[in-house]
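Morning, everyone. I have one structure to go through today, and I will keep to two places in it. Please look at the screen.

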Amino acid sequence: MIRNRFAAIAATTAAAALLLTACNATDDAASAAREGAGSALQSLNFGSGTAKQNNAAPGTGDWATDPGRPASKPAAKKWVQLSASSAGDLDPVVVNGAGFTLYRFDKDTADPSKSNCSGECATTWPPVLVAPGGKIFVDGVAKSDVGVVKRDDGNLQVTIGGWPVYRFSKDLKPGDTNGQGVGGTWFGVTPDGQKAGATAEEPEQGGGGTAAPASSVTLSDEINFGDPSEGLADSGCQNVGRDDSASSLQASGALKIWSEKDCKGESKVVQGNIADLNSVGFDNKISSVFLG
């Protein structure tokens, strides 16, 4: 019995040691990530004010990337401007040197900073990138709230309040906010890293809590999901084929609806089944939707 007791104690001690080792490994990895980001941040230069005020060269930085496209050219990564501003109904929100709205993603993490948007996601949501040794112009954004995180492809992505920041491929002119509330996970970013307009853009629900992005939706011309109806599926912006105005919709998650084709015009984030769209204040014709 004594031997069995000693054996149990030894097993418990070994398990505790393994758990401690695993925890230490996790902590070490997080610390290494912070140290790496800190080292990369130290290689950058900061300038107060806008790029124009600092005489940035034409055709570089935020001015070198076409609307809706990733920053792929080396010249586009020479500098980034972070300006506290307003866009659409968002005030405050951070915009870049070309006036485009910057966003954060709920599936990322801020401590430690980590991007979980890559591949096709990063094409739809181009990350804000800066080259090692590049410059970040801060205009109404505190330098202490700005950082960088190394992406899996080795690029440095700018962070605000720890959150990696992005542009949206459907924002085609300065001041567009077409990415706000998309999938219930994308929001403009405030100067301190919070969600811009988050209270106003919380999903209008047909029941239940916050849902994952919807992959399909059924739009009905009549309230209470009556016929005729039209179903839309797949991801991204989907134009509605019917000319009639939808009065109700059914979805298994969150989506954004627009009053004009190609996800333009007035918009609202909704989720679940909405028996009467007038009940959530959207009495415009639904011409397009964005599905996650």
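Threonine 177 has a relative accessibility of 19%, and buried means under 20%, so threonine 177 counts as buried. Keep in mind that this is a predicted model. Where does threonine 177 lie? It is in the loop between β11, residues 163-164, and β12, residues 186-188. Leaving aside residues up to four places away in sequence, threonine 177 touches Ala87, Gly88, Leu90, Thr101, Tyr103, Asp171 and Lys256.

Next, the partners of β10. Strand β7, residues 129-130, runs antiparallel to β10 and is joined to it by two bridges. There, valine 130 stands opposite leucine 156.

Strand β9, residues 146-150, also pairs with β10 in the antiparallel sense, over five bridges. In that pairing, valine 158 is the bridge partner of valine 148. β9 and β10 form a hairpin with five residues between them, and glycine 154 in the turn has a positive phi of about 95°.

On to β11. Two bridges join β10 to β11, and the two strands run antiparallel. Threonine 159 stands opposite proline 164 here. β10 and β11 form a hairpin too, with two residues between them, and glycine 161 in its turn has a positive phi of about 60°.

That is the end of my part.

Notes. Residues are numbered from 1 along each chain as its sequence is written. This is a predicted model: local features need pLDDT of at least 70, side-chain atom pairs count only at pLDDT 80 or more; totals for chains, interfaces and linings use all residues. Side-chain values use heavy atoms; hydrogens and water are left out. Helices (H or I, at least four residues) and strands (E, at least two) are DSSP runs, numbered from the N terminus. Buried means under 20% relative accessible area, exposed over 50%, partly exposed in between (1.4 Å probe, protein chains only). Contact means heavy atoms within 4.5 Å. Two strands pair if DSSP finds at least two bridges between them.
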